[in-house]
Amino acid sequence: MVERFSFELSAVDGAARTGVIHTPRGEIRTPAFMPVGTAGTVKAMMPESVRATGADILLGNTYHLMLRPTAERIAALGGLHRFMNWERPILTDSGGFQVMSLASLRKLTEEGVRFASHIDGSKHMLTPERSMEIQRLLGSDIVMAFDECPALPAEDKVVAESMRMSMRWARRSREAFGDRPGHALFGIMQGGVTRDLREESAAALREIGFEGYAIGGLAVGEGQAAMFGVLDYAPGFLPEDKPRYLMGVGKPDDIVGAVERGVDMMDCVLPSRSGRTGQAWTRRGSVNLRNARHRDDPRPLDEACTCPACRSYSRAYLHHVVKADEIIGSMLLTWHNLQYYQDLMAGLRAAIAGGRLAAFVAEFHATRAEGDI
Ligand SMILES: CNc1nc2cc3c(=O)[nH]c(N)nc3c(CC[C@H]3O[C@@H](OC)[C@H](OC)[C@@H]3OC)c2[nH]1
Ligand SMILES: [Zn+2]
């Protein structure tokens, strides 16, 4: 049982790293994929099932939880871990990103963001200080600084101004976070796809000092090539002895490319959200179970997978329950997709530990068909 938050690197292969983040609530094996549990639940999954897929940590969200059921109510009930019955580490986003993508009537000033709830229109204000208070009330183990993520494409001037405000908010986040042993505050690098803005942002964050560093402002429509272009240099601007978290990424091939470039942690709604629409991710590519060609197919989705969907059901059954919009369809495909992502992370961790990442990546690309299989 550790009292403090620490990151232990155990092997490096090129720019890629593998290690363990130690927290009072448990270990996080890196590179790590973190399932998204936005409103206190990973949709269609029981917490024990999320753990069974291999996840060490899951995500919650300040924006959603502050609106419903409110952070104060969750705190009064013992905090988010107790509330959602997940006793392992939780990372919460700071809310700014969701305000800009979900809320209405937004007013952005140096102080913070004033907005109306997308649920009932009630008026709210998020500032670095309020975001830190909410994440403390939730009890999350890894807290994200309050930032602004500009929509791309944007003029360099706009990206620079936004980044500089986010750096001023990062300092206010650090000051409001206070001294909380065993908890971590991560700074978020901004700067769009402009190298010198990314470098300026990294320098500003290092000067403030954080327990971990996120690469924000990506996976917002720039495309994989532009994202990898930033990842070819941005991780190297960050301290090598601290975790690097790429926010909102991604498809399996995005994840492999990000790990090759030195990213340690990622999150994405894709495996859970696409599971609810009948899309499965497998070693050989993606499968759309709504397609009629599966209706007589007795084979499992992925013979190499140990999840309940692949162990006990046929593609024909999955096609049937997805077409019939049966709840079990979402349950089985979400479980499968999260398990596939965790198996991919386990493969990446082992390959880096064994100094054979290049071979793993070559094999990964060789077995994937383009498009649906
Ligand atoms: C999809 N592409 C994508 N690019 C992103 C960039 C940023 C960013 O620069 N700053 C912040 N603060 N958040 C970002 C986020 C949201 C991640 C959260 O979004 C939520 O998933 C929907 C989830 O909340 C449980 C997750 O929590 C960390 C991004 N998402
Ligand atoms: Zn499976």
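What follows starts at the metal site and then moves along the chain contacts and the strands.

Reply: First, the ground rules. This is a predicted model, in which local features need pLDDT of at least 70 and side-chain atom pairs count only at pLDDT 80 or more, while totals for chains, interfaces and linings use all residues. Residues are numbered from 1 along each chain as its sequence is written, chains are lettered from A and ligands numbered from 1 in the order in which they are written, and side-chain values use heavy atoms, with hydrogens and water left out.

Now the metal. Four residues hold the zinc ion (ligand 2): C305, C307 and C310 through SG, and H336 through ND1. The distances run from 2.1 to 2.3 Å. A donor here is an N, O or S atom within 2.8 Å of the metal (3.2 Å for Na, K and Ca), and a site may look incomplete because water is not among the atoms. The angles among the four donor atoms are 100 to 115 degrees, and the site is tetrahedral. That label asks for four donors with all angles between 85 and 135 degrees. Along the sequence, the donor spacing reads C-x1-C-x2-C-x25-H.

Are C307 and C310 buried or exposed? C307 counts as buried because its relative accessibility is 0%. C310 is also buried, at 8%. The cut-offs are under 20% relative accessible area for buried, over 50% for exposed and partly exposed in between, with a 1.4 Å probe and protein chains only.

Next, helix α13. Helices are DSSP runs of H or I with at least four residues, strands are runs of E with at least two, and both are numbered from the N terminus. The buried residues of α13 are R315, A316, L318, H319, V321 and V322. They pack against β16 (285-288), α12 (308-312) and α14. Contact means heavy atoms within 4.5 Å.

D325 follows α13. This residue sits in the loop between α13 (315-323) and α14 (327-353). Its phi is positive, about 55 degrees, although D325 is not a glycine. D325 counts as exposed because its relative accessibility is 67%.

On to the interior. Nonpolar side chains tend to be buried together in soluble globular proteins. A nonpolar core is a set of buried Ala, Val, Leu, Ile, Met, Phe, Trp, Tyr and Cys residues joined through side-chain atoms within 4.5 Å. The largest one has 75 residues, and L231, L246 and I255 touch the most other members. Leaving out residues up to four places away in sequence, I255 touches F33, V249, G250, M266, Y341, L344, M345 and L348. Another core, of 19 residues, lies apart from it, with F5, L59, L91 and A184 among them.

V249 and G250 are joined by a cis peptide bond, with omega about 5 degrees. G250 belongs to the loop between β13 (244-246) and α10 (252-260). Another cis bond runs from R68 to P69, where omega is near 10 degrees. P69 is in the loop between α2 (62-67) and α3 (71-76).

Now the strands. Strands of a sheet pair through backbone hydrogen bonds, either parallel or antiparallel. Two strands count as paired if DSSP finds at least two bridges between them. β7 (104-108) and β8 (113-116) run antiparallel and share three bridges. Four residues separate them in a hairpin. R114 of β8 is the bridge partner of K107. R114 also has a bridge partner in β9, namely M125. β8 and β9 (123-126) pair over four bridges, again antiparallel. Six residues lie between them in this hairpin, and G121 in the turn has a positive phi of about 75 degrees.

L105 is in β7. Its phi, near 50 degrees, is positive in a residue other than glycine. L105 is exposed, with a relative accessible area of 64%.

Last, an open sheet. Its order is β1-β2-β3, and the pairing is antiparallel. β1 (6-13) and β3 (26-30) are the edge strands, each pairing on one side only. Neighbouring strands are turned by 15 degrees against each other on average, direction ignored. Such angles run from 0 to 180 degrees between N-to-C directions of lines fitted to C-alpha atoms (for helices, over the stretch in contact). Seven bridges join β1 to β2 (16-23). Among the pairs, F7 has I21 as its partner in β2.

Terms used: Tetrahedral: all angles 85-135°; square planar, octahedral: opposite > 155°, others 65-115°.
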